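I put down what I looked up, entry by entry.

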Amino acid sequence: MFREFRAEVEAALADALAARGLPTDDLGIEEPPEDVPATLASSVAFRLAGEVGAPPPEIAAEVAEAVDPEGYEYLARVDSQGPYVNFHAGEAYLADTLVAAQDGEYGRLPDRDTSVVVEHTSANPTGPVHVGRARNPILGDAIARVLDFAGYGVERHYYVNDAGRQVAVFTWAYETFDESDLPKPERDRADYDLVRYYRKGNQFLEDADPEEVEAAEAEIESIMRGLEAGDDETYERVERVVDRVLSGMRDSLERLPAEFDAFVKETEFIRDGSADDVVDRLKDTEYAVYEEDAWQLDLSAFGIEKMLVFLRSDGTTLYTTRDLAHHEWKFANYDAAVTVLGEDHKLQADQLKAALEILGNDTDQLSHAIYSYVNLPDGKMSTRRGTGVDLDDLLDEAIVRAREEVEKRLDSRIRDDELDEEDVERIARQVGIGAVRYDIVSKQPTKAITFEWERALDFEAQSAPYVQYVHARCCGILEEAESRGIDVGAIEFGGGEAAADLDPSVLDAPEERDLLRTIARFPAVIEEAAEDLEPHVVATYTREFAETFNAFYRECPVLAAEDERRRDARLALVNASRATVANALSVLGVEAPTSM
RNA sequence: GGGCACGUAGCUCAGUCUGGAUAGAGCGUCGGACUUCUAAUCCGACGGUCGUGGGUUCAAAUCCCAUCGUGCUCGCCA
């Protein structure tokens with residue numbers, strides 16, 4: 001209801017100002033501090049002081065007087081406090097919020113009939129996913145979920161780099177080295193198995209005799225040429241390695257979970273000729289220059305000083321050339337495209353956008369979500385060098401520690417439900433993985449993260465379990481209600497005749513009203529997170545929500561409420577809370593346990 | 001060196017885009033609350049030159065300029 005209320009406030013204030021011939025371009029609508037009872041406020045009086053020639057408090061009082069709440073559904077009262085105009089929501093605001101949030105899909109915004117392709121992760125298929133890379137799928141998946149919940153038609157794509165030097169090196173190494181020369185794999189899975197060849201190959205290229213290296217390089221180059229020429233046999237050799245490594249990486253990603261609608265291969269854009277088509281079209285533009293036998297793009301008109309080579313002197317395309325074809329394909333098939341990238345790809349992303357514009361595309365369709373890398377306290381993670389923490393190890397450790405916490409609490413449980421081994425397993429997994437995911441998704445993407453075990457696996461407040469616990473509490477109350485024969489789903493609202501009819505106005509405790517007001521804001525939080533591609537605002541919201549709910553939980557007994565009307569209203573409020581926190585967690589990709 | 005990001009309590013972070021009411025949380029420290037719908041919870045105390053210096057403004061953590069520190073980047077790699 002917050003979004004509706006905000007729209008009413010804007011309209012009412014603009015009307016009042018316009019009627020007095022005052023400018024309405026900046027209404028100064030803001031959320032007041034916590035101790036101010038209003039739902040929204042305006043600081044417009046400051047700006048009008050010069051215009052009107054009166055002190056702001058005087059103007060604020062006048063404006064408050066001039067705004068007419070008549071005819072609005074939720075705007076009940078307007079007053080002023082010092083220089084601020086305060087807007088108060090009426091009973092209908094809270095009552096309608098309570099009703100709306102009974103819907104299990106509460107917070108989902110109306111369908112926008114707009115398709116968005118979210119490309120994320122797209123890690124080179126060279127080995128197991130490590131924690132340094134894990135921010136991408138966690139952020140990317142959350143962005144996809146937020147957009148979906150905000151009413152977009154979302155597809156998730158993983159762009160597979162199966163045409164670059166790295167996979168050529170990999171293919172050569174796989175075909176060259178013998179398993180008996182390799183260390184034991186860290187796990188019994190394809191990506192852990194094959195990465196040994198990749199590491200061995202890279203090590204060889206660094207350390208071996210120059211002659212041997214030269215021979216190896218010749219082989220690697222022939223693989224790259226074969227790919228470029230669309231040679232089927234080479235393609236099959238490479239795919240044999242790529243597909244197997246990728247299947248292992250997918251297993252890791254699915255644990256987060258991060259799943260994809262499509263794995264789009266770079267080689268597709270070579271084989272269907274679209275990369276060549278891009279080259280031909282770029283050559284004809286005024287930005288194209290032929291220097292040192294290579295075709296390049298002068299992007300200085302776009303504020304980019306670095307030249308973009310789009311065709312090598314040997315006539316082969318580059319990653320970016322193929323990515324241009326890839327993006328034109330996205331533009332042809334979707335209304336919008338979002339790509340989640342590490343900050344090290346920032347320049348490349350800018351070049352890509354400029355080149356797409358030169359090719360005549362509307363680049364407003366393309367947004368990049370850029371995040372900073374996750375480093376270890378003593379340096380970078382690298383698949384090639386084998387430094388870094390594998391995502392699987394982090395998730396395993398998280399589950400082990402979560403399990404210890406569950407077991408530690410088993411004895412002291414007040415609640416007399418019996419958790420069996422299956423429950424313990426489930427809770428450990430939900431909490432452990434949720435904690436890792438939440439830790440990463442709750443921070444601004446631009447901020448660098450240094451990975452530390454203890455911090456990533458801290459289950460205390462401001463973590464996933466803190467929020468998950470609220471959900472479990474809601475479920476506990478609702479379950480208890482059901483077991484006492486109260487049909488929460490059948491509680492009806494306002495004006496009905498049954499005794500169980502619910503009257504939201506009995507929710508008059510400050511904790512109840514705070515909770516409803518917080519629930520009312522949820523759809524606006526989704527809207528903001530989707531617009532800015534910043535799911536961390538949803539995480540911030542879940543914390544505020546959990547705090548507000550816990551205050552309610554402390555002060556307002558539900559099942560032991562003084563009378564039935566109050567009990568039923570509170571049950572509805574718990575039901576609304578459950579839907580809100582469940583959906584907020586779902587948007588973050590964090591599971592919501594029904595018991596903990 | 002050029003470009004881009006980041007710098008808020010001892011530590012980890014919200015708030016910055018869109019300037020506005022005494023700058024908010026958590027961890028840690030100290031002190032309290034379980035015969036109660038789950039204590040992975042709650043309540044209280046302590047803790048801040050919002051990197052620094054200028055500027056714009058009635059008003060700056062927020063905008064502009066400079067500066068310091070950190071990270072990323074500046075391949076016919078991806």
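I counted a residue as near a molecule or strand if one of its heavy atoms lies within 4 Å of it. The model is predicted.

**RNA surface**

With the 4 Å limit in hand, I looked up which parts of RNA strand B face the protein. Of its atoms within 4 Å of the protein, 64% belong to sugar or phosphate, and the rest belong to bases. On the protein side I found 65 residues around RNA strand B, of which Asp35, Glu292, Arg312, Gln444 and Tyr469 come nearest. I sorted the residues of this surface by kind and got 28 nonpolar, 16 polar and 21 charged. Which helix gives the most to the surface near RNA strand B? I noted helix 17, residues 464-483, with seven residues.

I then went through polar contacts to each part of the RNA. For a base, I have a nitrogen of RNA strand B at 3.0 Å from a polar backbone atom of Cys556. For a phosphate, I have an oxygen at 3.3 Å from a polar backbone atom of Tyr319. For the remaining part, a sugar or linking oxygen of RNA strand B is 3.5 Å from an N or O atom in the side chain of Asn161.

I turned to strand 5, residues 115-119. Is it enclosed or open to the outside? Four of its five residues are buried, so I wrote it down as largely enclosed by the rest of the structure.

I looked up its pairing next. Strand 5 runs parallel to strand 6 (residues 153-160), and five bridges join the two. In this pairing Val116 has Val154 of strand 6 as its bridge partner. Strand 5 is also joined to strand 11 (residues 336-342) by four bridges, and these two strands run parallel. There I found Val338 of strand 11 as the bridge partner of Val118.

Together with helix 5 they make a β-α-β unit, and I recorded it as right-handed. Helix 5 covers residues 131-149.

I looked for positive phi values in residues other than glycine and kept two. Asp113 has a phi of about 55 degrees; it is placed in the loop between helix 4 (91-100) and strand 5. Thr121 has a phi near 70 degrees and lies in the loop between strand 5 and helix 5. Are these residues buried or exposed? Asp113 has 67% relative accessibility, so I count it as exposed, the limit being over 50%. Thr121 has a relative accessible area of 11%, which is under 20%, so I count it as buried.

**A cis peptide**

I found a cis peptide bond between Leu256 and Pro257, with omega about 0 degrees. Pro257 is in the loop between helix 9 (232-255) and strand 7 (262-265).

My last entry is on an open sheet of four strands, in the order 1-2-4-3, with antiparallel pairing. Strand 1 (29-30) and strand 3 (75-81) are its edge strands, each pairing on one side only. I followed strand 1 to its neighbour: two bridges join it to strand 2 (residues 40-42), and the two run antiparallel. In this pairing Glu30 stands opposite Ala41 of strand 2.

Note on methods: Residues numbered from 1 in each chain as written. Chains lettered and ligands numbered in written order. Predicted model: local features only at pLDDT ≥ 70, side-chain atom pairs only at ≥ 80, totals over all residues. Heavy atoms only, no water. Buried < 20%, exposed > 50% of the residue type's maximum accessible area, 1.4 Å probe, protein only. Pairing = 2+ DSSP bridges. Right-handed = clockwise from strand over helix to strand, strands pointing away. Polar contact = N/O pair within 3.5 Å; in protein donor to acceptor, adjacent residues only side chain to side chain. Nonpolar A, V, L, I, M, F, W, Y, C, P; charged D, E, K, R; others polar.
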